[in-house]
Amino acid sequence: MPLIPLLPIFHSFNREFFLGQLAVGSTALISVRWSDGRLRKTAGLYRRGPMVEGPNASEIVLSRPLLENLPVTAIESTLCHEMIHGWIDLVLRVEEVHGINFRRRMAAINAAQNRFQVTIRHQFPTPKSLPKWWAVCPSCSARLPYKRLVRGAACRKCCEIHYGGHWHPSCLLSYEPVLEEA
Ligand SMILES: [Zn+2]
Ligand SMILES: [Zn+2]
């Protein structure tokens, strides 16, 4: 499924919940984009700094791996959360994380509609962690995903077929790291 474009949602939220203060005309004050595969620990972030490309050196990034398969309301809730951070930073010009301004605006947005709820923490299921290793059997070439390296483990199937279920060094698994997609 292609990723849904975030900018139109940004603009409609800006009109609906931020009095249009997060754009000048049709130009957003913050760049908004999907992450590549790497943002896995958090559903979204807002940041501003000299390293950030975009208007006002600020951007909102939503996690493609965490959000792409969730309902659109999860995307809306995350985007709206990060927009509140952007609004506090660029419009109110206050240093705050999830303080009084954040909570007030969040409560107002949650009261104004019932399509989605903005929360302090992003509460989404994180995808199962990927296996770190392929265990490869030298005898049958089976490749089994392993979370951690188990020294001395042998291919069960081959031990059963060839050695009556007894551990045998000719079925000793060797490990190859699973290369994560960037
Ligand atoms: Zn936050
Ligand atoms: Zn085997």
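Predicted model: local features only at pLDDT ≥ 70, side-chain atom pairs only at ≥ 80, totals over all residues.
Strand β8 covers residues 174-177. β6 and β8 run antiparallel and share four bridges.

β6 also pairs with β7. Strand β6 spans residues 133-136, and β7 spans residues 143-146. Four bridges join β6 and β7, and the two strands are antiparallel. The hairpin of β6 and β7 has six residues between its strands. In this hairpin, Ser141 has a positive phi near 65°.

Another open sheet has three strands in the order β3-β5-β4. Its pairing is mixed. Which strands are at the edges of this sheet? They are β3, residues 31-34, and β4, residues 44-48. Each of them pairs on one side only. From one strand to the next, the twist averages 20°.

Look at β3 and β5 in detail. Strand β5 takes in residues 58-62. It is parallel to β3, and four bridges connect the two. Val32 faces Ile60 of β5 across this pairing.

## Helix α1 against helix α3

Now turn to the helices. α1 runs from residue 7 to 17, and α3 from residue 72 to 92. Their axes come within 11 Å and cross at roughly 60°. Angles of 65 to 115 degrees would count as roughly perpendicular, and those under 35 as roughly parallel. α1 and α3 are therefore oblique to each other. The crossing is right-handed.

Which residues of α1 meet α3? They are Ile9, Phe10, Phe13 and Phe17. On the α3 side, the contact involves Glu76, Leu79, Cys80 and Met83. By class, this contact has seven nonpolar residues, one charged residue and no polar ones.

## Helix α3 against helix α4

α3 meets α4 as well. Helix α4 covers residues 100-112. The axes of α3 and α4 come within 10 Å and cross at roughly 130°. An angle over 145 degrees would count as roughly antiparallel. α3 and α4 are therefore oblique. This crossing is right-handed.

From α3, the contact takes Cys80, Ile84, Trp87, Ile88 and Leu92. From α4, it takes Asn101, Phe102, Arg105, Met106 and Ile109. By class, eight residues in this contact are nonpolar, one is polar and one is charged. Cys80 meets α1, and Cys80 also takes part in the contact with α4.

## Two domains

How is the chain divided into domains? The domain assignment gives domain 1 as residues 7-112 and domain 2 as residues 133-177. The centres of the two domains, taken over C-alpha atoms, are 48 Å apart.

Key
Residues numbered from 1 in each chain as written. Chains lettered and ligands numbered in written order. Pairing = 2+ DSSP bridges. Axes fitted to C-alpha atoms, helices over the stretch in contact; angles between N-to-C directions. Domains from an automatic or database assignment. Left-handed = near helix turned anticlockwise from the far one by under 90°. Contact = placed C-beta atoms within 7 Å. Nonpolar A, V, L, I, M, F, W, Y, C, P; charged D, E, K, R; others polar.
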